[in-house]
Amino acid sequence: MLHPEPPSTAQSGLHSVFRPPPPSGTRVSPPVPVERRTVRAAAHHSRTAYGTPPEGPRAPCATAPLHEHRTAQPAPLVLSARSGNRDRVHAACPEALALGIRPGMSLTRARALVEPLTVIPATPADDARRLEALGLRLLETFSPHIGVDPPDGLLLETTGVDHLFGGETALMEALERYLRDLGLTPRLALADTPAAARALARHGARTCTIAPAGTTRTHLAPLPLEALRLPETIRDGLLTLGFERIGDLLKRPRAPLARRFGPVISLRLDQALGDVDEPFRPLRARETPQARMAFAEPVGTGESIAAAANLLARSLCHTLQNRGLGGRVFDLFCHRVDHRVVSLRIRTSTALHDPARLARLFRERIDTLDPGFGIETMILRATATLPLAPARQTTTDDGDEGSPASVRDLSPLVDILVNRLGGQRVYTLRSVESDVPERSVVRIPVLSRSDRDPPPGSGAGTGTAPPWPRPVRLLTPPESIDALALLPDRPPRAFTWRGTRYRVVCADGPERIFGEWWKRPAEQDAVRDYFRLETDTGERYWVYRLGDGENPDTGSGRWFLQGFFA
């Protein structure tokens, strides 16, 4: 099982490797189609590996619910999923598992065991997409045949691959190191059959198990019955009869078991031992635009890597232009001579196919790559692409400022800031439906924009414009002021803010805004009266009074400063 550390979202996954070795002196094709695999299985030459957490799916520990305010003491995290008419634990972080929470447990019981407990709804569809994406990423490095084993596993056939890494042990070490570099915590197993590898990874004692060829029966014997993927009713029946381990079933004749429980037990045992084929559907890589460059001699200097990235950017952008596409996510993979892969990811705010801009973005981060003893191959891939939208009319420094679309496209600047500071530190503002000023605008990461949105810096919003003028800057939270005004609806004649007294010479208002009682019951009767004020020094302020000035249930009557006008 794979555990992101730290999470951007809670998820988990399993990884297995399937390698049917050829008989001595024989050349064997991959195990699909079934006919070729059947011959190998009958000869007991099938090999498989697999991985999983020892006690079910895990979720990374949360430091704050829903990625909001961080707490001093992180609460254990679980993912919940609806099962029948109740919510159950879908996955749990290591801290929650240590406290007794188990996947499949009812959420009510989990909350009774651990308090406080952070609960986030599971997203199986997103997990499945990410697991498939991870399989496609491993496709080029570790195996040409990789299959998904839902909900959280991958099967890798490694026939003819292990010698490229220096043997099975080196292959498994490279795979584990690769996954850990991605921030994951895998459990791996290598065995003769997919079923055996799956069982060892999920229920074995080690995080990485290699079962030598021909030892499948020995390695399966101590595993619990859950490793055979038997239906729960059959497993309970076997436990009642005293069968606790797979070895207990291997010692017994199968005919009595088949008469009582049906053919399922024999089928699972035969699949695990290689007597019956268990084919899987390999992933097929989608056609992803990419450019590749191999070097006659390894390169390791920043200048040579940047020059190669520049050539790759030209080639890739030419391909994108021919297809009418633009890239939003670009990955640069550098294959080192020690079989390790270092990567660099660039994200853009708009669909990009300009080689100069792309090369500049990579050039600024080349020094973060570790070339090791040298890089022998570089691959630049447009991981996420979008059809190019019709070109917008924007102006440059010498543009026509009188045109309706005279806005400056700041997306090149935004891309530079995002890749220097991080995608979560650069944001844009978006209007939302709310009359309460501090709720009418939200921050969103600039990379979450759609290409159909206005370009960054255009000033175009997405929400409904308010019917009255709004200040260019809001104070969050509003700051208390002392105001002198006649009740119930006269504007202040003067007010004091931060120790300075301001005399009002011009005012407009009130604009009354009622509380959103459907969001917060406490705002059932809440009222705010807003005024636009201009002082004798020329500054313009936006202030409001809590309440209507008559009924104390509508507010306390205190005054607040919330914004400034240009």
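In the predicted model, I379 touches E140, Q290, A291, R292, D331, L332, F333 and H335, when residues up to four places away in sequence are left aside. I379 belongs to strand 12 and is buried, its relative accessible area being 1%, a value that falls under the 20% limit for burial. Although I379 and A309 are 70 residues apart along the chain, their C-alpha atoms are separated by 8.8 Å. Across the protein chain, 60% of the contacts with a separation of 6 or more are accounted for by residues 24 or more positions apart. The chain as a whole comprises 15 helices and 20 strands, and 44% of its 566 residues count as buried.

The largest nonpolar core contains 31 residues, of which F330, L332, L358, F362, L369, M378 and L380 touch the most other members. At least two residues of this core are supplied by each of strand 9 (290-299), helix 13 (302-323), strand 10 (325-336), strand 11 (341-352), helix 14 (355-363) and strand 12 (375-387). Helix 13 provides the largest share, with 9 residues. The surroundings of L332 illustrate the arrangement: beyond residues up to four places away in sequence, L332 touches A309, L312, V342, S343, L344, F362, I366, L369, M378, I379 and L380. In soluble globular proteins, nonpolar side chains tend to be buried together.

Just after helix 12, a positive phi of about 90° is found at G274.

The crossing of helix 14 past helix 15 is right-handed. On the side of helix 14 the contact is made by R357, R360 and L361, and on the side of helix 15 by S411, P412, D415, I416 and N419.

Towards the end of the chain, strand 19 (residues 540-546) has 5 of its 7 residues buried, so this strand is largely enclosed by the rest of the structure. Strand 19 pairs with strand 18 (residues 527-535) in the antiparallel sense over 7 bridges, and the two form a hairpin with 4 residues between them, in whose turn G538 has a positive phi of about 100°. Strand 19 is also joined to strand 20 (residues 559-564) by 5 bridges, again in an antiparallel arrangement. Y541 of strand 19 takes part in both pairings: L533 stands opposite Y541, while in strand 20 the bridge partner of Y541 is F564.

Key:
Residues are numbered from 1 along each chain as its sequence is written. This is a predicted model: local features need pLDDT of at least 70, side-chain atom pairs count only at pLDDT 80 or more; totals for chains, interfaces and linings use all residues. Side-chain values use heavy atoms; hydrogens and water are left out. A nonpolar core is a set of buried Ala, Val, Leu, Ile, Met, Phe, Trp, Tyr and Cys residues joined through side-chain atoms within 4.5 Å. Buried means under 20% relative accessible area, exposed over 50%, partly exposed in between (1.4 Å probe, protein chains only). Contact means heavy atoms within 4.5 Å. Two strands pair if DSSP finds at least two bridges between them. A crossing is left-handed if the near helix is turned anticlockwise from the far one by less than a right angle, and right-handed if clockwise.
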